[in-house]
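Hi,

Here is the structure we talked about. Have a look at it first, and then read on for what turned up.

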Amino acid sequence: MDYDKLISDRVRDVKFSGIRKFFDIAATVENVISLSIGEPDFKTPWNIRKEAIKALEKGKTTYTANSGLIQLRRAIADYTERKNGLKYDPDKEIVVTVGGSEAIDCAFRALLNPGDEVLIPEPSFVCYAPLVSIAGGTPVIVETKLENNFKLTAEEIKEKLTDKTKILVLPYPNNPTGAVMRRGELEKIAEVLRGTDVIVVSDEIYGELTYGDERHVSIAEIDGMQERTVLINGFSKAFSMTGWRMGYFAAPEPVAVQMLKIHQYGIMCSPTVSQYAAVAALLECDDDVQHMKEEYDARRRFVVKGFNELGLTCFEPEGAFYAFPCIKSTGMSSLEFCTKLLQAKKVAIVPGDAFGESGEGFVRVSYAYSLAHLNTALERIGEFLDELKKG
């Protein structure tokens, strides 16, 4: 059997996630301190778990509508209006998915024809370019820069726009950098897109984890942008519900109905018990989200201060729960630095180039861990750097 002839060229050419690859290596090391995975260390709030238990006890384990429970879609519609002033029709414009990643996949497959170009800011989460390629599109990388705090600029978009551009991915707050786009910056991007047929896929999974006095702003809030935006969100990060696999998209009806087809045939519906739990998350857990956000904020400041004191320059992330310190001063590549750190001090962090070539020279550190855990890791990294200097 010649398997090379059987495998899809599009899939064969896709690389495995650099995050998971390094995590798998770290898993073979005993007593490792891992700051590698972006997973909250908080338990899912009790009200959410209690609702799931209740659903199980009442035998609510059958299929739901393909789009999801209507009470959940209504709760999502209320949530997006309450948080961002955006009105969506829960019957026609909102679909519940298996995590935010499925929603992203549905968007690309519903919108792309072979040869269509997708602008993807990098460094960014690992799934965008592979999913674009699998859908038959062409990823076009837009490199963001440290001097702009890894924000995407309107000028950078202008340079990359062509008559083949179909989608702009807007992944903010950003994984891995923690960069956040503010309203004024989004308005400039919106101005560039007006008069084009480019649609925005806005991944806002970290929207609740925006620090400082300004709230998270969705590009869909900007005049004229809701009609050309697919808003992606979910429950994994803000509500500490990674294993529940709950996400959703909100989009104009003509786009939503095509995305629903893909979800319908590929998934049928999201896990029923998780959907009942998600209703409780949206209706009852604002205080829990605020508590977790405050804890992350304290950790954020601790980690950034720690890396800067160690001589690894780290700009201040304004969202998500990642720091992205620069390791160029060590003279090592990102992969070499992370590999040697793991071997010498049993600390696992992720090489920056796992998030695109523009991430080279940086490393991603998740601070979704306790302060004690973070402190131990920083102490070991400090020892590692001292030993490097001594040669």
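Below are my notes on the core, the salt bridges and the surface.

One thing to keep in mind: this is a predicted model.

Let's begin inside. The largest nonpolar core has 37 residues, and those touching the most other members are Tyr296, Phe307, Phe321, Phe337 and Ile349. Two or more residues each come from helix H12 (286-309), strand S9 (322-323), helix H13 (334-345), strand S12 and helix H14 (371-390). H14 gives the largest share of this core, with 6 residues. As background, nonpolar side chains in soluble globular proteins tend to be buried together.

Now the salt bridges, of which there are 21 in the structure.

- Lys345 and Glu387 have their side chains in a salt bridge, at 2.8 Å from N to O. Since Lys345 sits in helix H13 and Glu387 in helix H14, this pair ties together parts 42 residues apart in sequence. Lys345 counts as buried because its relative accessibility is 14%, under the 20% cut-off, while Glu387 is partly exposed at 42%.
- Arg182 and Glu318 also meet through their side chains, with 3.6 Å from N to O. This one links distant parts of the chain, 136 residues apart: Arg182 is in the loop between strand S5 (165-170) and helix H9 (183-193), and Glu318 is in the loop between H12 and S9. Arg182 is buried, with 13% relative accessible area, whereas Glu318 is partly exposed at 28%.
- Glu51 pairs with Lys54, their closest N and O atoms lying 3.7 Å apart. Lys54 is partly exposed, at 36% relative accessible area.

On to the outside. What makes up the nonpolar patch on the surface? Met1, Tyr3, Leu6, Ile7, Val11 and Ile134 do, and together they have about 650 Å² of accessible area. Within that group, Ile7 is in the loop between helix H1 (3-6) and helix H2 (9-12), and it is partly exposed, with 41% relative accessible area.

There is a negative surface patch too, made of Glu143, Glu147, Asp353 and Glu357. You'll find Glu357 in the loop between strand S11 (350-351) and strand S12 (363-366). With a relative accessibility of 77%, Glu357 counts as exposed because that is over the 50% cut-off.

Cheers

Definitions and conventions. Residues are numbered from 1 along each chain as its sequence is written. This is a predicted model: local features need pLDDT of at least 70, side-chain atom pairs count only at pLDDT 80 or more; totals for chains, interfaces and linings use all residues. Side-chain values use heavy atoms; hydrogens and water are left out. Patches are made of residues with over 30% relative accessible area and no salt bridge: like charges are joined within 9 Å, nonpolar side chains (Val, Leu, Ile, Met, Phe, Trp, Tyr) within 5 Å. Accessible areas come from the Shrake-Rupley method with a 1.4 Å probe; for residues, only the protein chains shown count as cover. A salt bridge is a side-chain nitrogen of Lys or Arg within 4 Å of a carboxyl oxygen of Asp or Glu. Lys and Arg count as positive and Asp and Glu as negative; His and the chain ends are not counted. The place of a charge is taken as NZ of Lys, CZ of Arg, CG of Asp or CD of Glu. Helices (H or I, at least four residues) and strands (E, at least two) are DSSP runs, numbered from the N terminus. Buried means under 20% relative accessible area, exposed over 50%, partly exposed in between (1.4 Å probe, protein chains only). A nonpolar core is a set of buried Ala, Val, Leu, Ile, Met, Phe, Trp, Tyr and Cys residues joined through side-chain atoms within 4.5 Å.
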